[in-house]
Structure formats: C-alpha cells, structure tokens
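Reader: Could you take me through one part of this model slowly, please? I would like to follow the part where the chains meet and then what lies around it.

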Amino acid sequence: MTYHSTTFRMTNKQKCFQIFRPQVEEFGQRYGLSQKQVFNLTLVIDELITNILSYGYTDLEEHFIEVTLGIDGDRLIIEIRDDAEPFNILEAPEPELDLPVEERVRPVGGMGVHIVKKLMNCIEYRREDGRNVLRLEKDINDECPCGC
Amino acid sequence: MPVEQMKENGVSVLNVQGSLGSDETQELEDAVLGLLENGETRLVFDFSELDYINSSGLRVLVLAYQRLKKASGTVAICGVKDYIREIFEVSGYDKIFSMYPDRGQALEEL
C-alpha cells in the first residue's frame with residue numbers, strides 16, 4: 001500500500017476552522033472520500049482543535065498546531081501535534097450517556113471527545129519533546145485496523 | 001449561518017442553513033433564547049439546509065430541550081442529512097429529540 005499524506009499548520013491566533021475545513025475537503029476530493037467521511041474527518045479535527053484552543057494554553061503567546069491527514073489503503077489517519085498543556089483524550093471522562101440529560105452533572109460536557117472516540121477506530125497519545133502527539137485511525141470500511 | 005425564523009401552525013420554526021460550528025453557535029443560541037423569552041414552547045429546528053454541525057451546535061439544541069422540558073414544551077428536529085444523523089446517534093441525542101424526515105411531518109406531530 002502507498003501512504004499519501006498532507007500536512008498543514010495553523011496557530012491558535014487564527015480562525016482554525018476556516019483553515020482546516022478546505023484542507024480536509026481538498027484531501028477528500030483528491031482521494032475520493034465520501035461526503036460522510038469528509039464530514040467525520042472535519043468534525044474530529046474540529047473537536048480536537050477546539051479543545052486545544054479552549055483549554056490548552058496558559059499564556060497569550062502564539063502557538064503552532066500541526067495536522068497531518070494520511071491515507072494508507074483503507075486506513076484514514078489523522079495526526080495532530082501541539083505544544084499545549086498535556087492532554088490525553090483517552091483519559092478524559094466520558095459523558096453520562098446513561099442518565100437523562102436533565103440529571104447529568106455535565107449535560108453536554110465531554111461530548112466532543114466522546115464523538116471523536118466513536119468516529120475513529122484507533123487512538124494513540126504520547127507526549128514527545130514537550131508536545132502532545134495524537135494519532136487517530138479510521139478504517140474506511142468501518143473495521144478496526146489495529147484490532148482494538 | 002443564516003437562521004430563518006417563522007411560525008407555522010403555532011410552532012416556531014428555525015431554518016438553520018450552512019454551518020453550525022463554534023463560530024456560529026452564539027447566533028443560534030440568541031435566536032433560541034429570544035423565542036423562549038417570548039414564551040414559545042414548541043420549537044422545530046429545520047436542518048434540511050444544514051451541512052455541518054459540531055458539539056457546540058448540539059449544545060444549543062440541548063439548552064433548548066432543557067429549558068422547554070421545564071415549561072412542558074417540546075423540541076423537534078427535521079431534515080437532518082444522513083451523514084450528519086450519525087452524530088445524533090453517537091451522542092445519544094437522537095433519543096431525546098423527536099426527529100422527522102421533513103418539516104411537514106414535524107409540524108403534523110407537534
């Protein structure tokens with residue numbers, strides 16, 4: 001299989017959605033992804049970057065966020081690198097989906113991360129050289145590529 | 001994200017077009033709060049022209065649901081595109097909102 005990828009950067013001072021959305025759409029068009037796959041990729045990146053921008057920085061400086069989109073056969077890959085505070089979404093609390101909305105302590109809290117976990121098959125997090133590195137994979141045929 | 005508001009058969013309809021992400025959520029929230037302050041108790045979100053929504057957008061729907069539940073009101077959603085519908089399912093929100101294929105059916109049921 002040949003691995004194809006595209007990488008782009010943005011900063012926390014920019015309107016990130018307006019930068020990555022066209023990049024994801026162009027990637028989808030280039031590799032023949034469906035409207036749903038493009039929507040899901042956009043949403044996953046949106047939720048993750050919104051989290052970084054909302055909670056990740058304790059100063060007012062400019063910070064780079066790097067996103068790589070890859071396709072390897074039937075596998076779609078997203079990798080996000082940022083120098084925000086350490087945050088491992090695998091350890092983030094799940095929303096209280098079993099409770100009625102009105103009984104939840106956090107009616108909508110954690111939903112973004114929950115959606116990311118549901119839409120992607122394999123998620124790996126590591127902290128490397130002071131940066132968060134989050135890698136997410138999705139099998140186009142909805143089969144889990146790593147057997148998780 | 002233009003939001004078109006109208007009243008049909010005594011039900012307030014919000015026709016949300018384009019994208020409902022973090023940059024647009026406030027506009028919809030203001031529209032919803034305005035309707036609730038006016039005493040509206042039956043809301044339909046028409047998403048037939050909506051092509052994007054994220055968890056911020058979903059949060060506004062839950063806000064409307066929570067407020068109206070206390071006032072014995074109802075919230076319905078119609079016209080959600082197939083590729084967006086999965087987000088309602090994975091978030092469990094398809095169970096709290098009545099969802100209809102189109103506005104006509106939503107208005108009939110409310």
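How many residues of chain A are in contact with how many residues of chain B?

Author: Happy to. A word on the model first: it is predicted, so local features need pLDDT of at least 70 and side-chain atom pairs count only at pLDDT 80 or more, while totals for chains, interfaces and linings use all residues. Residues are numbered from 1 along each chain as its sequence is written, and chains are lettered from A and ligands numbered from 1 in the order in which they are written.

Now to your question: 18 residues of chain A are in contact with 19 residues of chain B (contact: C-beta atoms, placed from the backbone, within 7 Å). On the chain A side, helix 2 (35–55) and helix 3 (111–119) each supply at least two residues. Helices here are DSSP runs of H or I with at least four residues, strands are runs of E with at least two, and both are numbered from the N terminus. The largest share of that side, seven residues, comes from helix 2 of chain A. By type, the side of chain A that touches chain B divides into nine nonpolar, four polar and five charged residues (nonpolar: Ala, Val, Leu, Ile, Met, Phe, Trp, Tyr, Cys and Pro; charged: Asp, Glu, Lys and Arg; polar: the others, Gly among them).

Let us stay with helix 2 of chain A. This helix has 21 residues and reaches 30 Å from its first C-alpha to its last, close to the 30 Å expected at 1.5 Å a residue (the expected span is 1.5 Å times one less than the number of residues). Its buried residues include F39(A), L43(A), D46(A), E47(A) and I52(A); buried means that 20 or more other C-beta atoms, placed from the backbone, lie within 10 Å of the residue's own.

Chain A also has an open sheet of five strands, in the order 1-2-3-5-4, with antiparallel pairing. Two strands pair if DSSP finds at least two bridges between them. Strand 1 (3–11) and strand 4 (122–128) of chain A are the edges, each pairing on one side only. Strand 3 (residues 75–82) and strand 5 (residues 131–139) of chain A share eight bridges, and there R75(A) has D139(A) as its bridge partner. Strand 4 and strand 5 of chain A pair over seven bridges, with R126(A) opposite V133(A). Their hairpin has two residues between the strands, and D129(A) takes a positive phi near 50°.

On to chain B, where five strands form an open sheet in the order 1-2-4-6-7 with mixed pairing. For example, strand 2 (residues 11–16) and strand 4 (residues 42–46) of chain B pair in the parallel sense over four bridges, and S12(B) stands opposite L43(B).

Chain B has a helix pair too: helix 1 (residues 25–37) and helix 2 (residues 55–70) pack at an angle of about 10°, with axes 9 Å apart (axes are lines fitted to C-alpha atoms, for helices over the stretch in contact, and angles run from 0 to 180 degrees between N-to-C directions). That makes helix 1 of chain B roughly parallel to helix 2 of chain B, a term for angles under 35 degrees. Among the residues that meet are L28(B) and V32(B) from helix 1 of chain B, and V60(B) and L63(B) from helix 2 of chain B. Finally, helix 2 of chain B is followed by S72(B), whose phi is positive, near 55°.

Methods:
Contact = placed C-beta atoms within 7 Å. Parallel < 35°, antiparallel > 145°, perpendicular 65-115°, else oblique. Buried ≥ 20, exposed ≤ 12 C-beta atoms within 10 Å, placed from the backbone.
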